[in-house]
Amino acid sequence: MPRPGEPLRRLGVLTIGLFDPADPGAGHRETLAMIEFAEELGLDSVWLRDRHLQHGISSPVAVLAAAAMRTSRIEFGTAVIPLGAENPLRLAEDLATVDILSGGRLNPGVSSGTPMNFERYREAMYPDTLESEDFSKQRVIRLRNFLRGDPISAAGTVGIEEFSDHVQPHSPGLAQRLWYGGGRDSAIWTGQQGLNYLTSSVVFAAGTGVDGSEPDAFARVQAGDVAAFREHHPAGAKARASQGLVVIPTDSASAEQKRRYHAYAESRLERTRTAHGPRGLLFSPDLVGDSSELADRLWSHAGFREVDEVVFALPFTFEAEDYRQILTDLAQSLGPALGWSPRLS
């Protein structure tokens, strides 16, 4: 795992892909341009959030299909697709199609349970079957089985039509690139299932033995989640886990950008001072500063020291020029300060 002198292996970014509802095409094209720019800089991956009934990307799979045609190397991820709003079989077909088009560059991240704000649209989505839907982690297992090509029907011919016994197209290896996130119990379950583990800027202290009021509580819980995941994963220490935090390098930022970045982080700082609710919800502070300062803070972060790949989240409300500056500094300043090297071929 990374320590000072041990290089970070993979560096990616996460975006929500905001758009103006009066002109949604412009925002989607801006996201695609950002993915192309990230590839030019040598970043390893770009991940898209999934938002329903909001002015952010609602169909990351469709956007990534377009991105696959514009790029040749950079990997794609979703963080995360809420399976409660999806049919796992149909989603498996879409994911496999994008993976085939991209040459095996897709990393699907998913969640179970009911999606955010689900009570507002559940009747529209499941007008007749809501009570019989299974929103448990079994939905993740179904998706994984479909992706790996498990039989789901009898193969054969009906008239002149030929039918497969498993999802088509089939993309070998895609099931091994399925990601899941969540708290300590989910970390253990993810490891037991042999999936990959996503962490984010939110963790849950309940049941971890960490006092949520301690200054380093977030980092300790996150580190413990990753360790619990690997303890239960067949691959052990080699199992893939990714850290997600909001990290904003300012090396090439203008004075005005620096002012706005620090104001953004300050406006979200109060929520990080204590645990919230019965599960002990903890938010990570956003990290803003020049790359040497950020590298020192990350090297001392217990969660960062448990991983060798990261997906840093871009703030939702910044401008396109801000994202270009942040991506440039991530690739040319912070990444190298963490021992990472851009992939330019």
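How many bridges join strand β1 to strand β2? Select β1 (residues 10–15) and β2 (residues 45–48): four bridges join these strands, which run parallel. Two strands are said to pair if DSSP finds at least two bridges between them. Helices (H or I, at least four residues) and strands (E, at least two) are DSSP runs, numbered from the N terminus.

Before going further, note that this is a predicted model, in which local features need pLDDT of at least 70 and side-chain atom pairs count only at pLDDT 80 or more, while totals for chains, interfaces and linings use all residues. Residues are numbered from 1 along each chain as its sequence is written, and side-chain values use heavy atoms, with hydrogens and water left out.

**Stop 1**

Keep β1 selected. Six of its six residues are buried, where buried means under 20% relative accessible area, exposed over 50%, and partly exposed in between (1.4 Å probe, protein chains only). Display the side chains: R10, G12 and L14 point one way from the strand, and L11, V13 and T15 point the other way.

Next, select G12 together with S45, its bridge partner in β2.

Now turn to strand β14 (residues 309–313), which pairs with β1 in the parallel sense over five bridges. Within β14, F312 is the bridge partner of V13.

**Stop 1: the whole sheet**

Select the strands in the order β10-β8-β7-β4-β3-β2-β1-β14: these eight strands form an open sheet with parallel pairing. β10 (241–242) and β14 stand at the edges with a single partner strand each, so one side of each has no neighbour in the sheet.

Further along the sheet, β4 and β7 pair in the parallel sense over two bridges, and G109 stands opposite W179 in β7. Helix α3 packs on the sheet, touching β3 and β4, and its direction makes about 155° with that of β4. For such angles, axes are lines fitted to C-alpha atoms, for helices over the stretch in contact, and angles run from 0 to 180 degrees between N-to-C directions.

**Stop 2: helix α5**

Select helix α5 (residues 138–148), where eight of the 11 residues are buried. Among them are V140, I141, L143, F146 and L147. Which elements do the buried residues of α5 pack against? They pack against α3 (88–102), β4 (106–111), β7 (179–181) and α6 (184–192); contact here means heavy atoms within 4.5 Å. Just after the helix, select G149, which takes a positive phi of about 90°.

**Stop 3: salt bridges**

Side chains of opposite charge can pair when their charged atoms come close. A salt bridge is a side-chain nitrogen of Lys or Arg within 4 Å of a carboxyl oxygen of Asp or Glu, and the structure holds 20 of them.

Select D308 and R9, whose closest N and O atoms are 3.2 Å apart in a salt bridge. D308 lies in the loop between α9 (291–299) and β14, and R9 in the segment before β1, 299 residues apart. R9 is partly exposed at 43% relative accessibility.

Select R10 and E75 next; their side chains meet in a salt bridge (2.9 Å, N to O). R10 lies in β1 and E75 in strand β3 (residues 75–82), so the pair ties together parts that are 65 residues apart in sequence. R10 is buried, with a relative accessible area of 12%, and E75 is buried at 17%. To view the network of salt bridges that links these residues, select R9, R10, E75, R240, D308 and E309.

**Stop 4: helix α8**

Finally, select R260 and E256, which both lie in helix α8 (residues 255–267), four residues apart, about one turn of the helix. Their side chains meet in a salt bridge (3.6 Å, N to O). R260 is partly exposed at 25% relative accessibility, and E256 is partly exposed at 40%.

Q257 also has its place in α8. Is Q257 buried or exposed? At 8% relative accessibility, Q257 counts as buried. Its contacts, leaving aside neighbours within four places in sequence, are S252, E321, D322 and Q325.
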